[in-house]
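Let's take a walk through this model together, starting with some aromatic rings and ending on a helix. Keep the structure open as you read.

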Amino acid sequence: MAAFNLTPSDPSTFILMGIPGLEAAHIWISIPFSTFYIISLLGNFTLLSIVGKEQTLHKPMYLLLSMLALTDIATPTFVVPKALCIFWFNLKGITAVGCLTQMFFLHMVSVMHSGTLVTMAFDRYIAICNPLRYATILSSARLAKLGLVGLIRAILFILPLPLLISQQPFCANRIIPHTQCEYIAVVKMVCGDITVIRIYAMVLMFVINGFDLTLIALSYGLIIRAVLRISSENGHQKALNTCTAHICVMLTYYIPGLFSNLTNRFGQGIAPHVHIILADLYLLIPPMLNPIIYGVRTKELRDKVVKSTCRR
């Protein structure tokens, strides 16, 4: 496929280079990118459709799963279309406002995703430790309020970041060696004093990840304590099986994210294109796997998907 040379020369425009060093392979790289994205959209929209249509799935667990699916649709959607424009048509230009907007939404959705995982851990705790009051404690209205709180938290925490960056002068060389306007890549474009920005970003990372992981660990600590009190082996197995899918989803989100952050900060010997590919895969793989994990591990959801497919 021929690449159109449509890279703009406007000084107010940033240039996203895609994956430097692998420009010749951009077309081939776009194949797994687009494949993962399509699978992610199909899986998450199918999940939303099944939960929306089936009255028996209008339960706290599946409503939370729908919230997770929405973040899984949004995350790659903010990245993949622009990346494919770079790979296929050499459309590398993005305005400063567009770049900061993409950065804001990427990180905002990430914070919302983390908050949803915390709520899902609390959901599993209530389901196992207080099953008789499960539907009362986690009513639809309360879940809606928790979702709204998660959205407001994400906006309030992330919005200062692009606002602080926008107040700084950008360097003359506005080339971003990446497929997306990721925070670290954008900050390298700033020529002013970024001490406040760095401190805020560091505090943000520790506060959000530390707070969310602490709440998740606390929920599972209480779950394990409750499970150990169950006398029967079958009861142990049944209680733990209800948590398996959530644990798998957490691992696919937090471990790649932690690995990507560590390689960015301490992996100076790693080739730049490896950093970029890892960052992109972190935004592509979890959204693709999450509906598959829940579809395989949750019998009620799996049966509804099979029933819907057979009906068609």
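Phe78 is partly exposed, at 27% relative accessible area; that label covers values between buried (under 20%) and exposed (over 50%), using a 1.4 Å probe and protein chains only. Bear in mind that this is a predicted model, where local features need pLDDT of at least 70, side-chain atom pairs count only at pLDDT 80 or more, and totals for chains, interfaces and linings use all residues. Residues are numbered from 1 along each chain as its sequence is written, and side-chain values use heavy atoms, leaving out hydrogens and water.

Rings of Phe, Tyr and Trp (its six-membered ring) pair if their centres lie within 6.5 Å, and the planes count as stacked under 30 degrees, edge-to-face over 60 and tilted for the rest. The count comes to 8 aromatic pairs. In one of them, Phe78 and Phe105 are stacked, 5.2 Å centre to centre with 20° between the planes. Phe78 sits in the loop between helix H2 (60-77) and helix H3 (80-89), and Phe105 in helix H4 (residues 96-129), so the pair ties together parts 27 residues apart in sequence. Helices here are DSSP runs (H or I, at least four residues), numbered from the N terminus.

Phe105 is also partly exposed, at 31%. With Phe104 it makes an edge-to-face pair, 5.1 Å centre to centre and 65° between the planes. Phe104, by contrast, is buried, at 11% relative accessible area. Phe78, Phe104 and Phe105 form one aromatic cluster.

Terms used:
Helices (H or I, at least four residues) and strands (E, at least two) are DSSP runs, numbered from the N terminus.
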